[in-house]
Structure formats: structure tokens, C-alpha cells
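Here is a short briefing on a protein model. Look over the sequence and the structure, then read the points below.

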Amino acid sequence: MAMKFKSNAPEKAEMQLTSMIDVIFLLLIFFIMTFKISAQEGDFNVKMPIGGGQGAMDTTNIPIKLRLKANPDGGLADIVVDETRSFENDFTKLRAYILQLTGGNAPPNPEEGPEIEIDLDYNLRYVHVIEAITAVTGQRQGDQIERLVERIKFAPPRKPN
Amino acid sequence: MAVVKKFDTKLAEGDMTSLIDMVFQLIIFFMVLINFSQEDQNEKIKLPSSELAKPAEAPLENPIVLNLDFSGSVYLGSETTSVEGLRPLLQVEADALKAKGLAAKDANIIIRAHQNTPGGKVQDLIKKCQEVGYEKFALRALEDRR
């Protein structure tokens, strides 16, 4: 009598991948939708204790006074250093002057060295304030930054009349 | 004599392995790049850019982020106020620091002001913070690598 044998070959186990792929695609869509390419942000540090903004008390270390004048629409009209030197609205000339003053050598300790007091018209747009801070604090040379003046403070605000 | 060709009627199954591999790689890419640290940023604020604004190597200690928009509104966390009405909110932050054994002067005020905001408003904001005892400020700008 012929005997029937069951085949011992293992059956291929198949996983149901459909739901997993659904979830993965949902995750992918979430990350694509929330992905935002944004530029990196950096800071300019300003240390201003309550007495510090009201003018220098220490007469041995008088800050360089940087006056930023605005035109009626908030644009930059003039840059004046120490009430004598005018650079119109050219930050490159201002940087060259600061470079000449400091000799291009910032002290290793940011608490030391020359200080700049920025005195601006109330309506001057903030972008010009940052441009001025950029011009006096240093310059980029390739990937390196050459530091000029590290200490920055603001004069009391000039309230519009 | 006509030849009848017999077709295999089994369901054709594509191999999904490589597709899943690729999708996983995409997910990992987006997960790594997602930046949750931008939660303090405000969409209304367009920062000025500067070639010297390099991201800090270490995060600032005890940061308090103030967003100042073009109209002079200040955003601190979920609160919105004017520069004049900011003092109570700053006092709350100062009290929180005090509870941790710190003082207001130990905090770093990060100012994210819109590029067209009048500069005087930023000065007013700094002055308000000084009145509560804050001393350290960071003016935030976008990195400009032109």
C-alpha cells in the first residue's frame, strides 16, 4: 500500500507590510511638511548694567561715541564718530577708521579694550544699528573673524519730540 | 496545430525591501534635521542679517527670549505685550531666577527685533530690562555668509 507523506519543506512566512508602509509614509509626509530651511542665527553681546547706559562715569576710559543719524523715513543719513568725523552712510569707511584706531588687535579678554557708545536717532531702523555694530566689532576674512571692538553699549534713547 | 500557451496566473508581487529602505533613510534624514530649538522664534520677526553673526558654540545661560515686532509689540513666551507693559512679565522671570538662587543679572536677554523696528524701541526695551536688573543682552541677527 502506498503511503502518503506530508512534505516537510517549510512554508515561506510572509509578513503583512501594508499597514507599516502606510505609517512610514505618514511619518515621512509629517517630516517633509514640518521641514524648514532657515539660516543660522548669531548674537552680538551687549553688557549694560543700569548705570552703564547713562554715559561713562570712568573718565580714564572714555568710549568712542558713534552717532547714527536717521532721515525721516528711518534710513541712515549720516555716521559721525566723536562728533567730528563724518562717514556719510558708508560703513566700510567706518570700519577702516575703527581698524586704524584699534590697530586691528582686539584684546584677548572681551571685557577689556576700547568701548563704543552708540547714540542713534529714535526712528533709525534696527537693521542699520546691526550694520553699525557689525562694522565696529570686526570683519570676516574667509572663515576667520578679525575682532575689533568687543565692548558696545547704547546711549540713552532720544525720544521723538 | 495551434499551440496554446499556458500563462501563470499567480499574483505578481513587487519586492518592497528597497523601497522601505529608502523611505527609512528619508525619515532618518528629516528626523536628524528637524530643529525643535526654533520654538522661541516668531514668524512675524524678520531679523537683520550680519556677516559676523555666528551661532554660539555653547547656548547662553538662563536665556530669556524677547521678540520685538515692527509695531512695537513684545512677545515673551506665549504672552504679548507692549514695551511699556513688559515690566510685570520680566519681574515674573526675575522671581523665577531668584527661586533658583540666581539674580536677574545672571540671565541673558536675547532680543530678536524685526529689521524695520525703530532702533529707539530696542533701546526702550533694553532700558525696561535694566530697570528690573537685567544686564546681559544678546542682539540676535541672521548669519549672512555672502
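**Two hairpins in chain B**

In the hairpin of β2(B) and β3(B), 4 residues lie between the strands, and B:Gly72 takes a positive phi near 100 degrees. Helices (H or I, at least four residues) and strands (E, at least two) are DSSP runs, numbered from the N terminus. This is a predicted model: local features need pLDDT of at least 70, side-chain atom pairs count only at pLDDT 80 or more, and totals for chains, interfaces and linings use all residues. Residues are numbered from 1 along each chain as its sequence is written, while chains are lettered from A and ligands numbered from 1 in the order in which they are written.

- Strand β2 (residues 63-68) of chain B and strand β3 (residues 73-76) of chain B run antiparallel, joined by 2 bridges.
- Two strands pair if DSSP finds at least two bridges between them.
- B:Asn67 has B:Tyr75 in β3(B) as its bridge partner.
- β3(B) also runs antiparallel to strand β4 (residues 79-82) of chain B, with 4 bridges joining them.
- In that pairing, B:Leu76 stands opposite B:Glu79 in β4(B).
- The hairpin of β3(B) and β4(B) has 2 residues between its strands, and B:Gly77 in the turn has a positive phi of about 60 degrees.
- Strands of a sheet pair through backbone hydrogen bonds, either parallel or antiparallel.

**Chain B as a whole**

- Chain B has 3 helices and 6 strands.
- Along the sequence, their pattern in chain B is α-β-β-β-β-α-β-α-β.
- Of its 146 residues, 28% count as buried.
- A residue is buried if 20 or more other C-beta atoms lie within 10 Å of its own, exposed if 12 or fewer, and partly exposed in between, with C-beta atoms placed from the backbone.
- Take the contacts in chain B between residues at least 6 apart in sequence: 79% of them join residues at least 24 apart.
- Two residues are in contact if their C-beta atoms, placed from the backbone, lie within 7 Å.

**Helix packing in chain B**

- Helix α2 (residues 87-99) of chain B and helix α3 (residues 119-132) of chain B have axes that come within 10 Å and cross at roughly 45 degrees.
- Axes are lines fitted to C-alpha atoms, for helices over the stretch in contact, and angles run from 0 to 180 degrees between N-to-C directions.
- α2(B) and α3(B) are therefore oblique to each other.
- Angles under 35 degrees count as roughly parallel, over 145 as roughly antiparallel, 65 to 115 as roughly perpendicular and the rest as oblique.
- The crossing of α2(B) past α3(B) is right-handed.
- A crossing is left-handed if the near helix is turned anticlockwise from the far one by less than a right angle, and right-handed if clockwise.
- From α2(B), B:Arg87, B:Leu90, B:Gln91 and B:Ala94 meet B:Lys128, B:Cys129, B:Glu131 and B:Val132 of α3(B).
- This contact of α2(B) with α3(B) has 4 nonpolar, 1 polar and 3 charged residues.
- Ala, Val, Leu, Ile, Met, Phe, Trp, Tyr, Cys and Pro count as nonpolar, Asp, Glu, Lys and Arg as charged, and the others, Gly among them, as polar.

**Sheet and helices in chain A**

- Chain A has an open sheet of 5 strands in the order β4-β3-β2-β5-β8, with mixed pairing.
- Its edge strands are β4 (85-86) and β8 (151-154) of chain A, and each pairs on one side only.
- Strand β3 (residues 76-81) of chain A runs antiparallel to β4(A), with 2 bridges.
- A:Val81 has A:Arg85 in β4(A) as its bridge partner.
- Helix α2 (residues 91-102) of chain A packs with α3(A) at an angle of about 35 degrees, their axes 8 Å apart.
- α2(A) and α3(A) also make a right-handed crossing.

**Where the chains meet**

- The contact takes 43 residues from chain A and 43 residues from chain B.
- On the side of chain A that touches chain B, α1(A) gives the largest share, 8 residues.
- That side of chain A divides into 26 nonpolar, 11 polar and 6 charged residues.
- β1(A) runs antiparallel to strand β6 (residues 136-143) of chain B, and 7 bridges join them.
- A:Val46 has B:Phe137 in β6(B) as its bridge partner.
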